[in-house]
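Please open the structure in your viewer and keep the selection panel at hand. The stops below follow one another, each with something to select and a note on what is there.

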Amino acid sequence: METRYETILEEDLDSQRAQAVLKDAGAIIKRGGLVAFPTETVYGLGADALQEEACRKIYEAKGRPSDNPLIVHIGKWEDIYPITRELPEQAKVLADAFWPGPLTMILKKSDLVPMRTTGGLDTVAVRMPSHKVARDFILQSGGYIAAPSANRSGRPSPTLARYVQEDMDGRIEMIIDGGQVGIGLESTIVDLTEGNPVILRPGYITREMLEEVLGNVDVDKTILDGNSKQAPKAPGMKYRHYAPKADLTIVAGEEDKVVATINARTKEAQREGKKVGIISTDHTRKRYVGDSVKNAGSRENEETIARELFRILREFDDENVDVIYSESFDENGIGQAIMNRLLKAAGHHIEYI
Ligand code: TXA
Ligand code: MG
């Protein structure tokens, strides 16, 4: 299959050309095809959420296990009613506060949503993205877009359309390039089906932000604890994700010691003929001796780190580094989401010094 590639930036959305492209994209979705599109978090791989056969194609294109359910994206609030069986007050409170935006809610599903979409569960994940191209695309496509991140299963979620193309070229009908995404980590997932709200995946909307509008919110224990024997409630969280080809180790501790330790390990690895990648920050980047030192961003503004993390992991793959050392991040605010993804990428290999 030849994949059509089109660029639509948010600021050009109203142009005739952009609208014509979105109309074509909507037609592809309605006849059961796949279109990748930008959102504020990461690129999504979209299909009609209400067509079983279309959703099956998503699993095939990604190489994704079929028990891993998809998020249904909507473009306007009213569209939530037909796909849910019960709508708790908390869902309305959260939608008022955070939609459109990087928040996904788990709710009881109605019969309209096929089991293929929800991986056999009787709940459905729903999100209304804030990216204008995404919302317009959803509305032009019939209103319900099932979309996982647009990467091949196991690879980092794409933050640029170029990465979607790398993973999906020839497998899907269209890629809409909306430029670099704003957030860079997937949405926060909150389960509202079992009484007290529980965070199943941390993201840009933090526990603190949720608690401000909901009161007490729990966090699924498996999120940061690599040794937990419990199965994560979001099936997707149990898979090894984002794993770069190289072995990644996180080094945590006081800054000077972290720099000294990473540099010592780097020299050792280089003596063995290995190529070393390092994930540094604004402050420290000039102090490292690795073959490929990447600056993730500023510790004073961790949103910059969230935005760059997946790009950096992909670049290390392209550069064929053999080992990667990364600094560690505080688990407050967005730091919890950053550490969750980094720990997964490292197979929970972290050294405290
Ligand atoms: O930011 C995002 O959420 C992106 C963009 C494209 O919107 N999408 C995304 O989708 O990250 P995906 O498929 O890569 O991750 C969806 C996660 C998986 O871990 C899945 O197991 C979980 O959501 N999930 C989906 N439906 C669920 C359900 N009914 N109950 C529990 N977890 C669910
Ligand atoms: Mg994903």
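Begin with the largest pocket, which has a volume of about 750 Å³; a pocket here is an open set of points on a 1 Å grid over the protein atoms alone, where a 1.4 Å probe fits, with protein on both sides within 12 Å along at least five of seven lines. Grid points are joined across faces, edges and corners, and the volume is the space filled by probe spheres set on the points. Before going further, note that this is a predicted model, in which local features need pLDDT of at least 70 and side-chain atom pairs count only at pLDDT 80 or more, whereas totals for chains, interfaces and linings use all residues. Residues are numbered from 1 along each chain as its sequence is written, chains are lettered from A and ligands numbered from 1 in the order in which they are written, and side-chain values use heavy atoms, with hydrogens and water left out.

Next, select R64, N68, P69, I71 and I189, which lie nearest the centre of the largest pocket among its 46 lining residues, a lining residue having an atom within 4 Å of a grid point. By class, this lining has 19 nonpolar, 16 polar and 11 charged residues; Ala, Val, Leu, Ile, Met, Phe, Trp, Tyr, Cys and Pro count as nonpolar, Asp, Glu, Lys and Arg as charged, and the others, Gly among them, as polar. Colour the strands (DSSP runs of E, at least two residues, numbered from the N terminus), and you will find that β6 gives the most to the lining, with 4 residues.

What takes up the space of the largest pocket? Show ligand 1, whose space is that pocket, a molecule being placed in a pocket if more than half of its atoms lie within 2 Å of the grid points. Of the 29 residues around ligand 1, T41, N68, H73, S187 and G236 come nearest, where a residue counts as near if one of its heavy atoms lies within 4 Å.

Now display polar contacts, that is, pairs of N or O atoms within 3.5 Å. Polar side-chain atoms lie at 2.8 Å for N68, 3.0 Å for R127 and 2.9 Å for R201, each from an oxygen atom of ligand 1. The protein covers 97% of the 680 Å² of accessible area that ligand 1 has on its own, as given by the Shrake-Rupley method with a 1.4 Å probe.

Lastly, turn to the backbone. Select W99 and P100, which are joined by a cis peptide bond with omega of about -5°.

Notes
Polar contact = N/O pair within 3.5 Å; in protein donor to acceptor, adjacent residues only side chain to side chain.
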